[in-house]
Each structure stands twice: as structure tokens, then as C-alpha cells.
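Open the model and follow along.

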Amino acid sequence: MPRPFRFGASLLTSAPAAEWRARCRRVEELGYDVILVPDHLGMVAPFPALVAAAEATERPRVGTFVLNAGFWNPTLLAREVATTHDLTDGRLELGLGTGYVQAEHDTAGLPFGSPGERVDQLRRMVEELGRLLDAAKCRVPLLLGGNGDRMLRLTAEHADIAAFAGASLEPGSTTGKLAPVDATEFGQRVARYREFATDREEPAELNLLIQLVTVTDDPTSALRPLLDRRPDLTLEQVLDLPVMLVGTLDEITAKVRALRDRYGFSYLTVLEPYMEAFAPVMAELRRNPLAPHARPLLGSPHE
């Protein structure tokens with residue numbers, strides 16, 4: 001049997017206490033399983049936001065999506081994690097990544113380093129943090145994600161949840177501008193992760209970050225801004241991008257089922273601006289989780 005669906009909403013903007021609590025309760029009312037926050041300058045501070053989210057809600061888990069390892073010291077992070085784990089009654093999920101926005105490091109006066117150096121830093125963080133949390137008897141599910149082989153190998157070795165963004169940093173960007181990868185490349189990255197994860201005793205849960213959700217019977221109009229920016233892509237190619245959910249309710253739910261059937265993605269994260277639009281999709285998937293999908297996705301994971 002396929003793994004049951006889980007859904008997370010990533011809340012991006014800070015707010016006064018009453019507004020933040022109301023927003024978190026709305027996430028719960030819509031049926032999301034996890035309330036997530038990022039780790040970017042100018043957005044919410046992760047750990048106090050998650051403690052407040054847990055206090056305002058009863059059911060959802062809370063998580064970082066994802067912490068930038070370059071912002072943190074393992075010893076101090078272990079204290080934050082253990083305390084947040086306790087204050088949320090064990091509802092915390094910890095997401096970690098290398099960071100990809102050089103401008104944020106420059107603003108904070110922190111070294112950015114090469115991609116290889118950032119992966120090395122993350123590996124040290126994962127290993128040292130794991131040792132510290134084990135010593136404190138604090139068991140927190142770990143989410144890791146990335147596209148490159150070294151990140152996929154690290155994820156296969158350590159992560160309870162393997163996350164895929166379906167996008168890559170545009171060459172030369174210091175502000176974190178991302179471009180979606182096509183369906184074929186995406187499938188190849190998932191297949192590469194599976195190669196590295198062959199020897200795992202327990203398979204990881206696979207997570208996908210959805211970049212756009214629009215329920216519409218006019219996908220051309222909905223996608224016109226992207227098509228104008230990317231004249232190299234056809235409408236059909238954009239609709240096949242795994243991170244784009246655009247179409248009728250039936251078409252989107254069919255695509256989500258196909259993402260699970262083909263790639264194994266049972267845990268989807270949507271960004272805050274799309275959490276209302278995705279709610280009917282989520283409800284339909286829960287009513288009928290095993291219905292067949294309408295058409296195959298491009299980019300076989302075995303390519």
C-alpha cells in the first residue's frame with residue numbers, strides 16, 4: 001500500500017500574536033498536518049514562531065522548512081531544538097539545508113562558501129547535532145533536501161524525510177532566484193536519491209515543495225506570467241512540471257496521485273499564498289486517496 005498523504009503549509013510572514021495564532025488555527029481548520037516556517041532574513045524567526053503555532057493549535061505537527069545550517073552553531077541549535085521539542089509536546093520536525101541565498105549571509109556577516117563547502121558544513125551539523133540530541137534523549141524527525149549528488153547521499157544516510165524542491169538556483173544569482181527543473185531532470189534526481197537509499201532499513205518519507213497552486217479551467221491565463229518569463233517552455237511542459245499544480249480540481253488531484261504513484265511523494269508542502277487554494281485538493285485526496293490518476297507524468301524516476 002502507498003504511504004498515506006501528509007500535507008504541510010509553510011507560513012512566510014511574521015505577525016502580532018493574535019494574528020499569528022489565528023493564521024495557525026486556519027491552517028489546522030483547513031486540514032493541514034504540519035505548520036512549517038522557513039529560515040530567511042525578513043521572515044519569521046523559526047523557533048518562537050513554532051512554539052506559538054503549537055500553543056494555538058491541537059493537531060498539526062510543527063517544523064522548520066528548512067533551517068540554514070550556515071546560520072547556526074550545532075551546540076546552540078541543539079538547545080533550541082530540545083527546548084522547542086519540549087514546549088511543543090514532541091510535535092517538532094526539524095528540516096535542515098545548506099542555504100542558498102548569498103545576500104542573506106552577506107547581510108548577517110557570515111561566510112557563504114562554495115556549494116561543496118556548504119554541504120560539508122551541513123554534514124558536520126547533522127552529525128554533531130545528532131550526537132548532542134541523542135545524548136539529551138531528544139528524538140526529532142529530520143528532514144533534509146537538495147538536488148546535487150552529495151546532498152542526495154547525505155539525505156539518504158540521515159534523513160527521516162527526503163525533501164525535493166523541484167527547482168535549482170539560477171546561475172549567478174545572489175538573491176536566491178530559483179528556476180524549476182524539467183520533469184525529466186526531476187525524475188533523474190529522484191532516481192539518483194533512490195540509488196543512494198538502497199541500503200536503508202526503513203524508507204524515508206518523500207516530500208515535495210509545491211511552487212504554485214491554481215484551480216482553474218483556463219491554465220493558459222494562470223501560467224501566462226511564467227510563460228512570458230520562460231519562452232523556452234511550452235504550456236504542456238509547464239503543466240508537467242511536478243511543482244506546478246494548475247488546472248481543474250480533478251486534474252490537480254490526479255496529478256498529486258500521479259506524483260505519489262510514480263515518484264513516491266506522499267508529503268506535499270504548499271507555500272502560504274496557496275494554502276487556501278490547495279485545501280479543496282487536499283480534501284478530495286483524503287476522500288478518495290487511491291483513485292487512479294488521469295495521465296502519466298513525464299520524466300520517469302528510472303531514467
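Predicted model: local features only at pLDDT ≥ 70, side-chain atom pairs only at ≥ 80, totals over all residues.

## The second largest pocket

The lining of the second largest pocket splits into 8 nonpolar, 2 polar and 5 charged residues. (Nonpolar takes in Ala, Val, Leu, Ile, Met, Phe, Trp, Tyr, Cys and Pro, charged takes in Asp, Glu, Lys and Arg, and the others, Gly among them, are polar.) The second largest pocket has a volume of about 300 Å³. Of its 15 lining residues, G130, R139, V140, L142 and H158 are the closest to the centre.

Residues are numbered from 1 along each chain as its sequence is written, and side-chain values use heavy atoms, with hydrogens and water left out.

Pockets and cavities come from a 1 Å grid over the protein atoms alone: a cavity is a set of points where a 1.4 Å probe fits but cannot get out, a pocket is an open set with protein on both sides within 12 Å along at least five of seven lines, and lining residues have an atom within 4 Å of a point. Points are joined across faces, edges and corners, and a volume is the space filled by probe spheres set on them.

Helices (H or I, at least four residues) and strands (E, at least two) are DSSP runs, numbered from the N terminus.

## One cavity

The structure holds 1 cavity of 30 Å³ or more, and the largest cavity comes out at about 30 Å³. Its lining is made of L36, G63, T64, F65, E93, L94, G95, L143 and Y267. By class, that's 5 nonpolar, 3 polar and 1 charged. β3 (61-64) and β5 (92-97) each supply at least two of the lining residues, and β5 has the largest share, with 3.

Most residues other than glycine have a negative phi, and most peptide bonds are trans. F65, one of the residues lining the cavity, is joined to V66 by a cis peptide bond, with omega at about -10°. V66 is found in the loop between β3 and β4 (67-68).

D89 isn't a glycine, yet its phi is positive, about 55°. This residue is in the loop between α3 (74-87) and β5, and D89 is exposed (over 50%) at 71% relative accessible area. K137 also isn't a glycine and has a positive phi of about 55°. K137 lies in the loop between α5 (115-135) and β6 (142-145) and counts as exposed, at 76% relative accessibility.

## Two helices side by side

How do helix α1 (residues 17-30) and helix α11 (residues 275-287) pack? Their angle is about 20° and their axes are 10 Å apart, so α1 and α11 are roughly parallel (under 35 degrees). Axes are lines fitted to C-alpha atoms, for helices over the stretch in contact, and angles run from 0 to 180 degrees between N-to-C directions.

R23, R26, V27 and L30 in α1 meet M275, E276, A279 and M282 in α11. That contact has 5 nonpolar, no polar and 3 charged residues.

Key: Parallel < 35°, antiparallel > 145°, perpendicular 65-115°, else oblique. Contact = heavy atoms within 4.5 Å. Buried < 20%, exposed > 50% of the residue type's maximum accessible area, 1.4 Å probe, protein only.
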